[in-house]
Amino acid sequence: MAHAFIAGSDRPEKTVIRAGFMPLTDCASLVMASVLGLDDKYGIKIELARQHSWSGMRDRLLQGEIDAAHVLYGLLYGVENGIGTAPTRMAVLMNLSRNGQAITLSRALARLGVTDLGTLAAAMRKSGRRFTFAHTFPTGNHAMFLYYWLAAGGIDPMRDAQVATVPPSQMAVNLAAGHMDGFCAGEPWSARAQMDGSGFTVATSQDIWPDHPGKALGATAAFVDANPHACRSLVAAVLEAGRWLDASQENRDAAAEVLSSPAYVNADRRAIAARLHGEYDNGLGRRWIDPDPVRFHDEGEANFPYLSDAMWFMTQHRRWGLLRDDVDYAAVASRVNRVGLYREAAVLAGVPASSSLMRRSVLMDGKVWDGSDPDSYISSFPIRRVVLAGA
Amino acid sequence: MKPPSKVQRTLRIVVVNTASSDAADEATLAAQARRNTALRIGLLESGYDIVAMLPADIFLPERIAQIQPDMIIIDSESDARDVLEHIVIATRDEPRPIVLFTDDQTPSSMDAAIEAGVSAYIVDGLQAERVKPVLDVAMKRFHREQKLLDELSDTRRQLADRKLIERAKGVLMARNRLTEDEAYQRLRTMAMNKKLKLAEVAQRILDVEDLLG
């Protein structure tokens, strides 16, 4: 069946796809698609390009130096809507992963008796100083999860605290030095902060939103429009890699070994492997096997580019004033998320695809998000930066 | 509010040193140091002064807020790019050019990018001869933006002045039963006698009106 797509008029327009990735555990499916040679099966060659910053990744995408990227879902929508940059039409080809990020607080806070969100809020009220929390990119997933989590505990992230963007590799150092109180980032950086004793894991991202969308496979709309067949091959190859990752512990172990090398994540294999398996240690004596660890496939459920997932990031951009005006959330999401192309790739890789464009999620505060009424959803948050017309 | 001084200011340039991340080996650090030196020399030879060289740490946003640079130069490979992104978004009403350096970009497309108002440009390496043309274009844009900002604040002030004058005229007309023309003449005479601007006289009248109710 695959041959029908990679030969003749459906042949990939471009056979070498330069794909950017950040040194994070959840780059696994993109990296393994290349390492396992799954790209070859679909008539393309994925050329991996390790990046140093999300801003650099974005610029290279926009300049065409890289064709596709393992990228923060929220960042793509920030660019689409022109937050901090000229608005540029972007595309989400698929969701790469779910879960597996975390919020870490400093050891110093643990010594003051902080163990969870409630005790953190109490400590902040009691203390005279302003707490600082870091994330990895202003419009990114970690910022949105951090703000959501703080606000769910009655803490206004902008008014009651100070927020900063800090490169993941510098998080633990700043935490240990007392320059900040906590951070939200991807793995292996939270595991490393816990392992080196600078912090403890206070919440996983799946605690905030079970099965939340994570990194997306992104590109510019112009690239996708010019190379639809190549993009379809890319998605099919990465879908196969995700299926392989979720298939067994042995496969994830093998992936941890590959990822730990300097060419990819460049980190201790153990820091990658444990949480890849869902084995958590919060650093305060609690150890558990997480029922919702990072997922790369989940029968394709983790990969489907649900419009409601994309819309959630936009509602949070609006909530925090990053997005200055109301947008037609559903229209923007259906323009950016290439559901049709994804479905073709899913057929190619033999992966089931959802028939629904929206899904229902319940977040940590009990709020339901199903994509049906973004305006009411935004105005339902007592802590927000934006006053909505008619709300 | 007075608009910022129209006296030609010099471009305030800050160079951000790439973070000494734990992964960086000595050779990488040495290469960075060489590139920084080359950049500094290039800027000085081109007649640009560097206000500060800042380390890319958690205090960077604070220092930049204090220094208020017109231009920030950072290595495109630096992971501190995202820290600057935070500043770009936090201060997005006052666009600030940021120059980045990497390997392949022709001057013409760079020119076009800058003309289009992109706040990040990419040039070849950190060679001194490549630094000057970028800065020249950036400088042009900087002056144009300054001019636009000045014009904008002029326009805003004129609008605000006109509103003040209209309101003060209204007060004079009501209190002293004057026609609009007479009220305006009264304002003008007062302004000339007291050597004040029309808007300032109008403001005083409105202040008094506030006080007396």
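Me: How many Å separate the centres of domain 1 and domain 2 of chain A?
Reply: This model is predicted. Domain 1 of chain A covers 2-98, 212-281 and 293-361, while domain 2 takes in 101-208. Taken over C-alpha atoms, their centres lie apart by 26 Å.

Me: Which elements give two or more residues to the side of domain 1 of chain A that touches domain 2 of chain A?
Reply: On the domain 2 side, 19 residues take part, and they meet 27 residues of domain 1 of chain A. Several elements of chain A supply two or more residues each to the domain 1 side. They are α5 (73-80), α15 (269-276), β11 (279-281) and α16 (307-319).

Me: How many residues on that side of domain 1 of chain A are nonpolar?
Reply: Sort the domain 1 side that touches domain 2 by class.

Me: Which helix of chain B gives the most to the side that touches chain A?
Reply: Between the chains, 22 residues of chain A are in contact with 21 of chain B. One helix of chain B gives seven residues, the most to its side. By class, the chain B side holds ten nonpolar, seven charged and four polar residues. The helix asked for is α3 (residues 81-90).

Me: What pattern does chain B follow along the sequence?
Reply: Chain B has five strands and seven helices. Read them in sequence order. The pattern is β-α-β-α-β-α-β-α-β-α-α-α.

Me: What percentage of the residues of chain B count as buried?
Reply: A residue is buried if 20 or more other C-beta atoms lie within 10 Å of its own. Chain B has 213 residues. The buried share is 26%.

Notes
Residues are numbered from 1 along each chain as its sequence is written. Chains are lettered from A and ligands numbered from 1 in the order in which they are written. This is a predicted model: local features need pLDDT of at least 70, side-chain atom pairs count only at pLDDT 80 or more; totals for chains, interfaces and linings use all residues. Domain bounds come from an automatic or database domain assignment. Two residues are in contact if their C-beta atoms, placed from the backbone, lie within 7 Å. Helices (H or I, at least four residues) and strands (E, at least two) are DSSP runs, numbered from the N terminus. Ala, Val, Leu, Ile, Met, Phe, Trp, Tyr, Cys and Pro count as nonpolar, Asp, Glu, Lys and Arg as charged, and the others, Gly among them, as polar. A residue is buried if 20 or more other C-beta atoms lie within 10 Å of its own, exposed if 12 or fewer, and partly exposed in between; C-beta atoms are placed from the backbone.
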